[in-house]
Amino acid sequence: MVGDGGPDSGPSGDGGADAPDGGMKDVGPADMGPEDMGPEDMGVDLGPLPPSFGELFGACFDDGDCPGPGGRCRTAGEGYPYGYCTRTCDGPNDRTACEVERNGFTVYHHCAQRTEDPAETFSCDFNCLSGLDCGRDGYSCVVGALPGGGICIPVCSSDDQCGPGSFCDRYSGQCQDEPPMDPMMSGLSGLAGRCDGPEDCASGRCISAGTANAPTGWAEGYCLSYCTLPAGFNNNDFFAGDALPPSTCPGQNPVCIPVSNRSNSRLDLGNCYQGCVENDDCRDGYACQRQFGSRQFDNGICVPGPCSGLIRVDCPENYTCVDVQTPQGVTSRCAPPQ
């Protein structure tokens, strides 16, 4: 079953702080006024449709827009920017239902089951190797999500990407039928907010604090959001500028960091973190990581920091400082109470 890339992806680098590896819209009644002599006014200006409209893996409003047999539209109201045409297929070994002819070549794509699909229901998903492969605004690629490659997931950053009458929830990266509610009004945590589980976060993604015996270092939990990388990230020196670029995620100076070292090009999938310049910009238990690989930047992101040594962070109330094993070696982190 295909998931969403997991909440524990994060930045890499050696900066004294660590992170894990990386239906049709209701458009209103027709305007039947006497001055309306043109085509039916559906209440929302549909504007020009995306070039991919009605194609497999392209945009759609309802099932009738998608190629059959078995065509189905994952609508914007279900989270998918401007809708997403798929079709039913028989299972992972079904290689014909999801094939696409392009430039004289047959390209095979995934027959998979999304976590939101009914049990024992399989449908076609685009096989991507990078965010650019997805080829549509508001999507990026979870590289390696399936044995044969990645899948494209919603990562919207504006209402325009969702289509007419739909709205982008920039915390979750998904579209919806109603304007998103401010987390402060809904009782949910925003970016980098405290959480015990995904249900506490506006994004639906939480790195929990763990337990006293198995702390993660993410003191009091940490809400993450997905993002797509801007231009400038690369395999040589991480990012081309002196300062890490701002992200389209909502929150306090958000910064988008590659989910993994394998995917750090424009439009690849990233995680949003609270931005910072110094440790005091972060809450207790966290430090400002400004170094990634051999590069030190003018700004950074708030991630777990060491709670012992000359330069250390304060642990939250009732937390204790313990030694933990990280990819960079043994260090100290804040652990939750028993």
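Modeller: Before the surface is discussed, one definition is needed: accessible areas here come from the Shrake-Rupley method with a 1.4 Å probe. Please keep in mind that this is a predicted model.

Biologist: What does the accessible surface of the protein chain come to, and what percentage of it belongs to carbon and sulfur atoms?

Modeller: The chain has 338 residues, of which 48% count as buried, and its secondary structure comes to 3 helices and 22 strands. For the protein chain, the accessible surface comes to about 16,600 Å², and the share that belongs to carbon and sulfur atoms is 49%.

Biologist: Which residues have the most contacts inside the largest nonpolar core?

Modeller: In soluble globular proteins, nonpolar side chains tend to be buried together. Here the largest nonpolar core has 34 residues, and those with the most contacts inside it are Tyr222, Phe238, Leu244, Ile257 and Tyr273. The elements that give two or more residues to this core are S15, strand S16 (255–258), strand S17 (269–273), S19 and strand S20 (295–304). Apart from this core lies another, of 16 residues, among them Tyr80, Cys89, Cys128 and Tyr139.

Biologist: Are the rings of Phe238 and Phe292 stacked or edge-to-face?

Modeller: A pair of aromatic rings is described by the distance of the centres and the angle of the planes. The count of aromatic pairs in this model comes to 16. For Phe238 and Phe292 the ring centres are 4.7 Å apart and the planes stand at 5°, and because planes under 30 degrees apart count as stacked, the pair is stacked.

Biologist: How many residues apart in sequence are the parts that the pair of Phe238 and Phe292 ties together?

Modeller: Phe238 lies in strand S15 (residues 238–239), whereas Phe292 lies in strand S19 (residues 286–292). The pair therefore ties together parts whose separation in sequence is 54 residues.

Biologist: Where is Asp94, and which backbone nitrogens lie at its side chain?

Modeller: Asp94 has its place in the loop between strand S2 (84–89) and strand S3 (100–102), and its relative accessibility of 14% is why Asp94 counts as buried. Not counting residues up to four places away in sequence, Asp94 touches Cys89 and Cys111. A polar atom of the Asp94 side chain lies 3.0 Å from the backbone nitrogen of Asp90, and the side chain of Asp94 also reaches, at 3.3 Å, the backbone nitrogen of Ala97.

Biologist: Which backbone nitrogen does the side chain of His109 reach?

Modeller: His109 lies in the loop between strand S4 (105–107) and strand S5 (110–112), and it is buried, with a relative accessible area of 9%. Leaving aside neighbours within four places in sequence, His109 is in contact with Phe57, Cys98, Val100, Asp125, Phe126 and Asn127. At 2.9 Å, the side chain of His109 reaches the backbone nitrogen of Asn127.

Biologist: How many Å apart in space are Tyr82 and Gln161, C-alpha to C-alpha?

Modeller: Tyr82 has its place in the loop between strand S1 (71–74) and S2, and Tyr82 is buried, with a relative accessible area of 10%. Although Tyr82 is not a glycine, it has a positive phi of about 60°. In sequence Tyr82 and Gln161 are 79 residues apart, while in space their C-alpha atoms are apart by 6.4 Å.

Conventions:
Residues numbered from 1 in each chain as written. Predicted model: local features only at pLDDT ≥ 70, side-chain atom pairs only at ≥ 80, totals over all residues. Heavy atoms only, no water. Phe/Tyr/Trp six-rings, centres within 6.5 Å; stacked < 30°, edge-to-face > 60°. Helix = DSSP H or I, 4+ residues; strand = E, 2+ residues; numbered from the N terminus. Buried < 20%, exposed > 50% of the residue type's maximum accessible area, 1.4 Å probe, protein only. Polar contact = N/O pair within 3.5 Å; in protein donor to acceptor, adjacent residues only side chain to side chain. Contact = heavy atoms within 4.5 Å. Core = buried A, V, L, I, M, F, W, Y, C linked by side-chain atoms within 4.5 Å.
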